[in-house]
Amino acid sequence: MEAVPRMPMIWLDLKEAGEFAFNAAVKKSAVSVPRDFEGCSTLRKYLGQLHFLQSRIPMGQGQEAAVPVTWTEIFSGKAVTHEDIKYEQACVLYNLGALHSMLGAMDKRVSEECAAGAFTYLRDHFPHSYSVDMSHQILSLNINLMLGQAQECLLEKSMLDNRKSFLVARISAQVVDYYKEACRALENSETASLLGKIQKDWKKLVQMKIYYFAAVAHLHMGKQAEEQQKFGERVIYFQSALDKLNEAIKLAKGQPETVQEALRFTMDVIGGKYNSAKKDNDFIYHEAVPALDTLQSVKGAPLVKALPVNPTDPAVTGPDIFAKLVPMAAHEASSLYSEEKAKLLRDVMAKIEAKNEVLDQFMDSMQLDPETVDNLDMYNHIPPVLMEKCAALSVRPDTVRNLVQSMQVLSGVFTDVEASLKEIRDLLEEDEAQERKLQELLGRVPPAPASPPGLAEVSKECSKYLELHEKASFTNTELHRAMNLHLGNLRLLGGPLEQVRAALPTPTLSEDDKQVLQNLKRILAKVQEMRDQRMSLEQQLREMIQRDDITTSLVTTDRSEMKKLFEEQLKKYDQLKVYLEQNLAAQENVLKALTDANVKYAAVRKALAEVEHKWNTTVQTLVASYEAYEDLMKKSQEGKDFYTDLEGKAAKLLERARAACQASEAHRQQLLESPEGPGAPPEPPAAPPASSSSSLELLASLTPEAFSLDASLKGKQRMNKQNFLQAQPGEGLRAPRPSDDPLSMLDPLWTLNKA
């Protein structure tokens, strides 16, 4: 059947246009259209412009600007006039359907669905009283004819593509159904009277096609039975096909040669199939041949439809030549639509804000920052501030050695001063012991003038130096303690970076802990993904509402259809609303999962927090040790200067003490050796050295208040051990914590203030 000749198809004539006061060039192009698809495009454009004109100017029946519109009626050839622009639109739509029927009847066999769509729109949207050729009965007949011919074209293609026999049978059965509907309309007396002489020709052709395509349907049902090896059914289907084809041949008398040729070809096919099936069943299979009415009837498969027509589709109408004419009603309707959009946005935003508030409160209570919840990477690197200190010490390799040497020198000078003061104190104690022995021997105290005057001054100065040395000794001890505290850190900073990294604490997590951490990170990422998606959808909704302008559609829409248009236009937001609702609904599940993950994360979180605290403390301690280095060097140098100066003064005082003790010993010897007896007045002692007065003056200036590590401390209160230990913040060296760094308690006593 693939090579069967094509059956002829019914096509409709175009209506002829008469008078209409519209743009002459546009009107002429729409009336004298070429018989091709370009002509269909021209008719669609003209139809759209008429629709635009009608929405702006009152040209309907009985309205102020209505003008006469004249077209010729197809069947009678009479001119029909109406003062209604919709009559012009209806006639253009009829011509659009008729032109598509012409194109469908050509060899290309396309366009019947478009013709059915044009006639359907005309039947459903326009009055039926304009003319006979546009009555409801005629339009329904045209629709069924076009759909039947469209299904016939689909049947032809299915046979060429070798589709399954059952599918081809159903397509052919649907052709029969469409033509039966058309035949019923043709047999209607009212329709017959409207059609006139062409009614008989159409009816005869349609009836012949009904039998012909019924035969084709049963032929393919027989083929299916053959494929299923139901040989008895095959015989009855082929016999039925042969019977229906004979009926079609009877009705085909007077039809064109193409019809006769198609019938002869089909007879050869069906006749051959029937004879072969009957012979095989009679001599080979011997299956019972069932009655046709006992078999299941073939149901049609409607695979074609009337394509919808949109008169205002900008893709086919082109630019609106009346675009600048926007009625006030359209502006008012646009405002109403804007309010509908605003209401939709308010409803959606209320739901979003409520969910966002719950989410923010929940995340604040959890205190989970996605950026810091997993800071394990921090422990794999030395922090930049520590790297900077390591780099600074790397270019000064003698840092620790210089500090140790400086403190050793300070200790040496300190020891020398202490030895000198101890010797002075021993001399004074020895002299005092000798003096007591002399008193015991003589039994009385020598008169005061007999005592050497320089010894009392030496004792006084020695007491002052010892007091000053005692305070400086505490400062020196604290300085050494501070050095010992920071020395190890300085050695670490000056060593290899691997040792520095090893000195920093690192967390130790089990595989289960790592799994808990990864799960929490995954859920936090889901929370962020949910936030981002929600913001994106909200932004899309706002932009879509901002761009949505249907003023052009409102211009061409009747006021009674406004509400329906609003509903249809607002449907474009349904997909975004569905996505947003799914996003909002997912929040509850995500937060529940996050709560469970956070419970498991509690122990890991505590351990990580402790390690992080130790890590930060270690880093701060190392940085503080580096920053304390310069202060240590400065204080040690000041200490050396102080003790060097004190050493010189102690040496001079020692010489004076020795001289005074010698003078005192000589005085005691004189008392013992005097010929006049112990009661004789002694000789006056030798005059003290000339420098004794200046030494006393210098010694008088060596008070604790005169020692300072900082010039800004001059004139302040006297420093003792108690207020030294209670030093205020900012005094002494800086350290990570006052309780750990003894430099913060150093008494600035190093600099000797010379008068």
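Colleague: Which residues form a nonpolar patch on the surface?

Modeller: This is a predicted model, and in it the nonpolar patch consists of Phe283, Ile284 and Tyr285. Together they have about 350 Å² of accessible area. Ile284 sits in helix 10, which covers residues 257–285.

Colleague: Is Ile284 buried or exposed?

Modeller: Exposed means over 50% relative accessible area. Ile284 has 52%, so it is exposed.

Colleague: Which residues form a negative surface patch?

Modeller: Glu340, Asp558, Glu561, Glu567 and Glu568 form it. Take Glu567, a residue of helix 19 (residues 562–570). Its relative accessibility is 44%, so Glu567 counts as partly exposed.

Colleague: Which residues of helix 19 are buried?

Modeller: Buried means under 20% relative accessible area. In helix 19 the buried residues are Met562, Leu565, Phe566, Gln569 and Leu570. Viewed down the axis of helix 19, these buried residues fall within an arc of 125°, so they line one face of the helix.

Colleague: How many salt bridges does the count come to?

Modeller: A salt bridge here requires a side-chain nitrogen of Lys or Arg within 4 Å of a carboxyl oxygen of Asp or Glu. By this rule there are 16 salt bridges. One of them joins the side chains of Lys209 and Glu152, at 3.2 Å from N to O. Lys209 is in helix 8 (residues 198–227) and Glu152 in helix 5 (residues 136–160), so this pair ties together parts 57 residues apart in sequence.

Colleague: Are Lys209 and Glu152 buried or exposed?

Modeller: Both Lys209 and Glu152 are buried. For another case, Asp161 and Lys157 meet in a salt bridge at 2.8 Å, N to O. Asp161 is partly exposed at 37% relative accessible area, and Lys157 counts as partly exposed at 48%.

Colleague: What does the salt bridge of Arg531 and Asp360 link?

Modeller: The side chains of Arg531 and Asp360 meet at 3.1 Å, N to O. This pair links distant parts of the chain, with Arg531 in helix 17 (residues 511–547) and Asp360 in helix 12 (residues 328–366), 171 residues apart. Arg531 is partly exposed, at 24%, and Asp360 is partly exposed, at 34%.

Colleague: Which residues are linked in a network of salt bridges?

Modeller: Glu226, Arg234 and Asp280 are linked in such a network.

Technical notes:
Residues numbered from 1 in each chain as written. Predicted model: local features only at pLDDT ≥ 70, side-chain atom pairs only at ≥ 80, totals over all residues. Heavy atoms only, no water. Patch = residues over 30% accessible without salt bridge, like charges linked within 9 Å, V, L, I, M, F, W, Y side chains within 5 Å. Areas by Shrake-Rupley, 256 points an atom, 1.4 Å probe, with all protein chains shown as cover. Helix = DSSP H or I, 4+ residues; strand = E, 2+ residues; numbered from the N terminus. Buried < 20%, exposed > 50% of the residue type's maximum accessible area, 1.4 Å probe, protein only. Lys, Arg positive; Asp, Glu negative; His and termini not counted. Charge placed at Lys NZ, Arg CZ, Asp CG, Glu CD. Arc of directions from axis to C-beta.
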